[in-house]
Amino acid sequence: MSEINLSGSCLCGSVQYEIAGTDGRLWHCHCRRCRKATGTGHASNVLLKPDSVKWIAGEDLLNVYKVPDAKRFAAVFCGVCGSLMPRVAPDMSIAVVPAGTLDNDPGLRPEARIFQDSKAPWSCDDTEVPQYDTYPA
Ligand SMILES: [Zn+2]
Ligand SMILES: [Zn+2]
């Protein structure tokens, strides 16, 4: 199991983080919630099992918006600039890290485009990456 070390920050630089973990995947998610939260065609997220999560700066600036009717979906964002920041399940079972906020190369490349059933008709496409209506089986 290869260790993945991520470090990143928000647009204004107030929030900085480091996350180490395993079982990393990079997925493009086209679901409606990710589209709304990012304002783009899809979210590019690194999902991993976190071993450690370290907020280097600005943890007190983080805001959380939990979608009321969602089981898990929440947007964690910098209260100064609004950049989405990593969200870590309270039980540390999974971390979802917005790939665009990374300051290093996670060493992962996109494995899948998920939630194609919610894809915007204008959203970018890439036939080299497997596509799934929701999650991969
Ligand atoms: Zn910020
Ligand atoms: Zn999504």
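Ser123 is buried, with a relative accessible area of 7%. Ser123 sits in the segment after strand 8. The model shown here is predicted.

**Ser123 and its surroundings**

- The side chains of Ser123 and His30 are joined by a polar contact of 3.4 Å.
- Neighbours within four places in sequence aside, Ser123 is in contact with His30, Gly41 and His42.
- Ser123 counts as buried because its 7% relative accessible area falls under the 20% cut-off.

**Zinc ion (ligand 1)**

- Cys10, Cys12, Cys78 and Cys81 coordinate the zinc ion (ligand 1), each through its SG atom.
- The distances are 2.3 to 2.4 Å.
- Along the sequence, the donor residues of this ion follow the spacing C-x1-C-x65-C-x2-C.
- The pair Cys10 and Cys78 links distant parts of the chain, 68 residues apart.
- Cys10 lies in the loop between strand 1 (4-9) and strand 2 (16-29), while Cys78 belongs to strand 5 (residues 74-78).
- The four donor atoms subtend angles of 104 to 113° around the zinc ion (ligand 1), so the arrangement is tetrahedral.
- For comparison, the ideal angle for four tetrahedral donors is 109.5 degrees.
- Cys10 counts as buried because its relative accessibility is 6%.
- Cys78 is buried too, with a relative accessible area of 1%.

**Zinc ion (ligand 2)**

- The protein donors of the zinc ion (ligand 2) are the SG atoms of Cys29, Cys31 and Cys34.
- These donors lie 2.1 to 2.3 Å from the ion.
- Their spacing along the chain is C-x1-C-x2-C.
- Cys31 is buried, at a relative accessible area of 11%.
- Cys34 also counts as buried, at 6% relative accessibility.

**Strands 4 and 5**

- Strand 4 (residues 62-66) pairs with strand 5 in the antiparallel sense.
- Five bridges hold this pairing in the model.
- Lys66 has Ala74, in strand 5, as its bridge partner.
- Strand 5 is mostly covered, with four of its five residues buried.
- One residue of strand 5 is Cys78, a donor to the zinc ion (ligand 1).

**The nonpolar cores**

- In soluble globular proteins, nonpolar side chains tend to be buried together.
- The largest nonpolar core here has 17 residues.
- Leu6, Val46, Leu48, Met85 and Val97 touch the most other members of this core.
- At least two residues of this core come from each of strand 1, strand 2, strand 3 (43-57), strand 5 and strand 7 (95-98).
- Strand 2 gives the largest share, three residues.
- Leu48 has contacts in several parts of the chain, leaving aside its neighbours within four places in sequence; among them are Ile4, Leu6, Ile19, Ala20, Ile94, Ala95 and Val97.
- Leu48 is also in contact with Gly21, Thr22, Asp23 and Gly24.
- Another core, of 13 residues, lies apart from the largest one.
- Its members include Cys34, Phe73, Val96 and Ala112.

- Asp23 has a phi near 60°, a positive value in a residue other than glycine.
- Asp23 lies in strand 2.
- Asp23 is partly exposed, with a relative accessible area of 39%.
- Asp23 is in contact with Leu48.
- Phe115 has a phi near 55°, again a positive value in a residue other than glycine.
- Phe115 lies in the segment after strand 8 (112-114).
- Phe115 counts as buried, because its relative accessibility is 17%.

**Asp126**

- Asp126 is placed in the segment after strand 8.
- Asp126 counts as partly exposed, at 24% relative accessibility.
- Asp126 touches Arg113 and Gln131, not counting residues up to four places away in sequence.
- Asp126 and Cys31 are 95 residues apart in sequence.
- In space, Asp126 and Cys31 are 16 Å apart, C-alpha to C-alpha.

Key. Residues are numbered from 1 along each chain as its sequence is written. Chains are lettered from A and ligands numbered from 1 in the order in which they are written. This is a predicted model: local features need pLDDT of at least 70, side-chain atom pairs count only at pLDDT 80 or more; totals for chains, interfaces and linings use all residues. Side-chain values use heavy atoms; hydrogens and water are left out. Donors are N, O and S atoms within 2.8 Å of the metal (3.2 Å for Na, K and Ca); water is not among the atoms, so sites may look incomplete. Four donors count as tetrahedral if all angles lie between 85 and 135 degrees; four count as square planar and six as octahedral if opposite donors are over 155 degrees apart and all others between 65 and 115; anything else is irregular. Buried means under 20% relative accessible area, exposed over 50%, partly exposed in between (1.4 Å probe, protein chains only). Two strands pair if DSSP finds at least two bridges between them. A nonpolar core is a set of buried Ala, Val, Leu, Ile, Met, Phe, Trp, Tyr and Cys residues joined through side-chain atoms within 4.5 Å. Contact means heavy atoms within 4.5 Å. A polar contact is a pair of N or O atoms within 3.5 Å; within protein, one must be able to donate a hydrogen and the other to accept it, and residues adjacent in sequence count only if both atoms are side-chain atoms.
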